[in-house]
Amino acid sequence: QVQLVESGGGLVQPGGSLRLSCAASGKISSIYLLGWYRQAPGKQRELVADVTESGGTNYADSMKGRCTISRDNAKNTVYLQMNSLKPEDTAVYYCNAKLRATILSMVDDFWGQGTQVTVSS
């Protein structure tokens, strides 16, 4: 059906930057919302940022000013540029898409497999 494939995670030193990418493929009519969530060990999954089809963005307070979310609608791809990373940003980052498979479908929720981001010296 629909697949979300993430890339770009890894190990980075405090103060460093990373760019995550997530490409959606499969039966897709329109993607209403694309977002990034993260989950640290022992914590609940939380929103990092999301972006609407028209480009409206929303950021978690902890990430405001340190990250930028963007999307390429032609490629069904969302990006997350993260700067000034801190050890507390260490988590598995998940891509999320709220989309319709056809113009008559209800909006459904899809998740990527997650990519590890580790901020450590």
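Lys-64 is exposed, with a relative accessible area of 51%, where exposed denotes over 50%, buried under 20% and partly exposed the range in between (1.4 Å probe, protein chains only). Asp-61 is likewise exposed, at 64% relative accessibility, and the side chains of Lys-64 and Asp-61 meet in a salt bridge with an N to O distance of 3.2 Å. A salt bridge is taken here as a side-chain nitrogen of Lys or Arg within 4 Å of a carboxyl oxygen of Asp or Glu. The structure is a predicted model, in which local features require a pLDDT of at least 70 and side-chain atom pairs a pLDDT of 80 or more, whereas totals for chains, interfaces and linings use all residues. Residues are numbered from 1 along each chain as its sequence is written, and side-chain values rest on heavy atoms, with hydrogens and water left out.

In total, five salt bridges were identified. Arg-38 is buried, with a relative accessible area of 6%, and forms a salt bridge with Glu-46 in which the closest N and O atoms are 2.7 Å apart. Glu-46 is partly exposed, at 37% relative accessibility. Arg-38 also forms a salt bridge with Asp-89, with 3.0 Å between the closest N and O atoms. Because Asp-89 lies in the loop between S8 and S9 and Arg-38 in strand S4, this pair ties together parts that are 51 residues apart in sequence. Both Asp-89 and Arg-38 are buried. Through shared partners, salt bridges join Arg-38, Glu-46, Arg-66 and Asp-89 into one network.

Strands are DSSP runs (E, at least two residues), numbered from the N terminus, and two strands are considered paired if DSSP finds at least two bridges between them. An open sheet of four strands has the order S1-S3-S8-S7 with antiparallel pairing. Its edge strands, each pairing on one side only, are S1 (2–7) and S7 (67–72). Six bridges connect S7 with S8 (residues 77–82) in the antiparallel sense, and Asp-72 stands opposite Thr-77 in S8.

Strand S9 has several antiparallel partners. Nine bridges join S4 to S9, with Tyr-93 in S9 as the bridge partner of Arg-38. Four bridges join S9 to S10 (residues 108–111), where Asn-96 stands opposite Trp-111. Three bridges join S9 to S11, and Ala-91 has Val-117 in S11 as its bridge partner. Seven of the ten residues of S9 are buried, so this strand is largely enclosed by the rest of the structure.

One disulfide was found, the criterion being a pair of cysteine sulfur atoms within 2.5 Å. This disulfide joins Cys-22 to Cys-95, with an S to S distance of 2.1 Å. The link is left-handed, with -85° about the S-S bond. Cys-22 in strand S3 and Cys-95 in strand S9 are 73 residues apart, and the pair links distant parts of the chain. Cys-22 is buried at 1% relative accessible area, and Cys-95 is buried at 0%. Cys-67 is in no disulfide, its nearest cysteine sulfur, that of Cys-95, being 14 Å away; Cys-67 is also buried, with a relative accessible area of 6%.
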